[in-house]
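Hi,

Here is the structure I promised to pass on. Have a look through it first, and then read my notes below.

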Amino acid sequence: MSEKYPQLVSRFLRYVKVDTRSDEDSQTVPSSPKEVQFLKDLAVELKEVGLENVRTMKDGYLFAELPSNLPDGQGTKVGFISHVDTADFESEHVNPQEVDNYDGHSVLELGTSGFKLDPAVFPNLKNYQGHDLITTDGTTLLGSDDKSGVAEIVSLIEYLIAHPEIKHGPVRVAFGPDEEIGIGANNFDVAAFDADFAYTVDGGPLGELEWETFNAAQAEIVITGQNVHPGTAKGAMVNALQVAIDFHNALPEHDRPEKTEGREGFYHLIDMAGTPEEAKLTYIIRDHDHDTFENRKATMTQIADQLNKDLHKDRVALTLKDQYYNMGDVLKDHQEVVDYAEEAMTDLGIKPITDPARGGTDGSKITFLGLPTPNLFAGGENMHGRYEFVSKQVMEQATDVLLGILQKAAK
Ligand SMILES: [Zn+2]
């Protein structure tokens with residue numbers, strides 16, 4: 001349907017039919033041979049489209065380059081990055097449904113599954129009056145996260161090669177695995193990628209521009225109890241499960257995901273298991289503010305110390321591990337990277353939405369590896385499940401934004 005990017009939609013439809021779900025239980029990166037195969041096929045396609053220096057890097061990342069066509073052959077080097085894996089939801093036999101010219105209020109049947117996209121449940125549908133939508137058939141996810149990003153970047157390159165009159169500096173592209181299980185970008189080779197800055201094209205609806213993320217850590221608490229027959233336990237038993245409850249209750253009650261929003265951080269208990277003999281708690285800690293993030297970790301340490309003091313023995317062992325950091329702390333010194341994206345959107349009549357992300361992106365990691373990398377919208381809605389959908393027009397607008405950024409950076 002897109003006249004400007006004739007292959008954009010067909011490419012997207014082709015990609016989503018390939019199962020590339022990542023595997024949290026795998027010990028390898030990429031976590032699944034399905035991702036390896038997709039990246040292999042994508043490498044062939046990138047060469048056919050005309051990208052140069054197409055190569056597979058550590059951990060399966062596919063890198064490629066489009067040289068500058070500026071008179072001096074130089075210019076600002078801009079990177080675009082997407083991930084090929086899909087989330088932890090049914091991903092075999094994706095059967096995309098096309099809904100042309102959606103009226104913005106009808107209930108959409110998802111194939112014959114009985115599941116429906118209902119504007120009463122998903123008010124975001126009302127933003128899509130007149131759009132051509134792609135939905136699932138109700139039995140799988142769609143995989144717009146992040147195959148819309150992949151299709152947009154490849155279609156952008158195709159457009160640039162077909163339109164040599166559009167001047168741009170060196171363009172770098174990267175497609176990687178395992179974003180959904182949080183490990184794909186851990187070893188992103190910033191030096192080999194050789195960009196001045198980059199963008200992940202992995203955001204949601206029109207206008208999304210994320211340059212602030214959470215700081216993130218995981219906490220594991222292992223509690224060693226002292227089990228005694230309950231009939232004669234008085235003064236002798238230390239029930240590890242009770243200590244675990246005490247630990248949890250010592251955390252501020254409000255600071256939980258279900259009670260926070262905006263810039264409020266939290267402690268999120270994600271796993272608890274145990275017996276009177278031994279108990280284990282796992283939390284994720286999230287906060288946009290660096291100092292508050294550090295204070296949250298310190299609070300956990302204090303609680304563990306206090307419990308050990310009260311129990312007269314080191315029964316509570318806390319292990320804290322940082323996961324990623326707020327890229328805003330780096331990007332505030334590289335505001336031009338955010339400005340290019342904001343201006344490109346504004347020029348296209350798109351209102352940039354810059355709310356801080358209540359999560360992380362591959363860009364949070366890549367930014368701290370030394371390459372400033374905010375996140376741009378790719379178009380997907382209701383991601384990670386059967387209600388996922390994307391608008392063809394928004395995918396085209398996302399591609400226009402990438403084009404606009406390149407043109408701004410070339411000036
Ligand atoms: Zn994604």
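Predicted model: local features only at pLDDT ≥ 70, side-chain atom pairs only at ≥ 80, totals over all residues.

Asp146 lies in helix H3. Another cis bond runs from Val29 to Pro30, with omega near -5 degrees, and Pro30 sits in the loop between helix H1 (8-16) and helix H2 (33-49). Why point these out? Most residues other than glycine have a negative phi, and most peptide bonds are trans.

On the phi side, Asp59 has a positive value of about 65 degrees although it is not a glycine. You'll find Asp59 in the loop between strand E1 (52-56) and strand E2 (62-66), and with a relative accessible area of 15% it is buried. Asn382 also has a positive phi, near 50 degrees, and is located in the loop between E15 and E16.

**Rings**

How many aromatic pairs does a search of the whole structure find? It gives 17. One of them joins Phe122 and Tyr387 in a tilted pair, 4.9 Å centre to centre with 40 degrees between the planes. This pair links distant parts of the chain, 265 residues apart: Phe122 is in the loop between strand E6 (116-117) and strand E7 (133-135), while Tyr387 is in the loop between strand E15 (375-377) and strand E16 (389-391). Phe122 counts as buried at 17% relative accessibility, whereas Tyr387 is partly exposed at 25%.

Phe293 and Tyr325 make an edge-to-face pair, because their planes are at 85 degrees, with the ring centres 6.4 Å apart. Here Phe293 comes from helix H6 (residues 290-310) and Tyr325 from the loop between strand E14 (316-324) and helix H7 (328-331), 32 residues apart. Phe293 is buried, at 0% relative accessibility, but Tyr325 is partly exposed, at 28%. Elsewhere, ring pairs join Tyr61, Phe63, Phe188 and Phe193 into a cluster.

The charged end of Arg386 sits over the ring of Phe115, 3.8 Å from its centre, and that of Arg296 sits over the ring of Tyr267, at 5.2 Å from the centre.

**Helix H10**

Last stop: helix H10, residues 392-410. At 1.5 Å a residue, its 19 residues should span 27 Å, and the end C-alpha atoms are 28 Å apart, which agrees. Is H10 mostly buried or exposed? Of its 19 residues, 15 are buried, so the helix is largely enclosed by the rest of the structure. Ser391 caps the N-terminal end of H10, with a side-chain oxygen 3.1 Å from the backbone nitrogen of Gln393.

Cheers

Technical notes: Residues numbered from 1 in each chain as written. Heavy atoms only, no water. Helix = DSSP H or I, 4+ residues; strand = E, 2+ residues; numbered from the N terminus. Expected span 1.5 Å × (residues − 1). Buried < 20%, exposed > 50% of the residue type's maximum accessible area, 1.4 Å probe, protein only. Polar contact = N/O pair within 3.5 Å; in protein donor to acceptor, adjacent residues only side chain to side chain. Phe/Tyr/Trp six-rings, centres within 6.5 Å; stacked < 30°, edge-to-face > 60°. Lys NZ or Arg CZ within 6 Å of the ring centre and 35° of its normal.
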